[in-house]
Amino acid sequence: MNIHKIDSNYPMELLLLADPSEELVEAYLDRGQCYIAKDSDETIGVYVLLSVDDDTIELKNIAVHERYQGRGLGKELVLHAIERSMELGYKIIEVGTGNSSLNQLALYQKCGFRIVSVDRDFFTNHYSEEIVENGIPCVDMIRLEKRLSTGGR
Ligand code: COA
């Protein structure tokens, strides 16, 4: 799998799988670093890293093409993002996901992230459409982080 950084021609369709707001995606692409995974000529995965401050970087968007989901690529991308953040000298990588995003919560925790806070009513306050996943209304943002400096948890 070839994972590399790009600075243009962002795979918007993939990015919108993780965040339905094109406006927000474009705003953080402007300030962030976008990495893609390619299989032959096809872009099959993407993630975006966005610096929060000198010590902290956020995994802002991660998505795998529907046809390729469930085969370990998402985990490979998260581990790549962690590695990259360490190389860039950050001490903490953080990520946020919905309370109803059970698979994503599993993925991040399997990669060493721990829950640090809950942004209550984040989704009800920021999205006009009701979001339901796994039969659960998505209302709160669960924030997770992984400490990189000690390589530990
Ligand atoms: N319970 C336990 N473990 C679970 C799980 C569950 N319900 N759902 C997923 N996992 C685990 C898998 O077992 C795997 O871990 P393992 O390799 O140790 O077994 C890991 O989570 C991830 O699986 P993987 O195949 O690497 O994920 P993926 O390639 O399907 O990618 C996403 C995951 C989230 C990136 C992908 O589903 C996607 O693009 N979704 C749409 C966009 C999105 O929601 N992005 C995140 C926004 S917060």
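Modeller: We take a helix, then the salt bridges. This is a predicted model: local features need pLDDT of at least 70, side-chain atom pairs count only at pLDDT 80 or more, and totals for chains, interfaces and linings use all residues. Residues are numbered from 1 along each chain as its sequence is written, and side-chain values use heavy atoms, with hydrogens and water left out.

Colleague: Which residues of helix 2 are buried?

Modeller: An α-helix has 3.6 residues a turn, so residues three or four places apart point the same way. In helix 2 (residues 22-31), Val25, Tyr28 and Leu29 are buried. Buried means under 20% relative accessible area, exposed over 50%, partly exposed in between (1.4 Å probe, protein chains only). Helices (H or I, at least four residues) and strands (E, at least two) are DSSP runs, numbered from the N terminus. The buried residues fall within an arc of 110° seen down the axis, so they line one face of helix 2. That arc is taken from the directions from the helix axis to the C-beta atoms.

Colleague: What does the face turned away carry?

Modeller: It carries the exposed residues Glu23, Asp30 and Arg31.

Colleague: How many salt bridges are there?

Modeller: Side chains of opposite charge can pair when their charged atoms come close. A salt bridge is a side-chain nitrogen of Lys or Arg within 4 Å of a carboxyl oxygen of Asp or Glu. The whole structure has eight. One of them joins Arg143 and Glu58 (3.1 Å, N to O). Arg143 is in strand 9 and Glu58 in strand 4, 85 residues apart. Both are buried.
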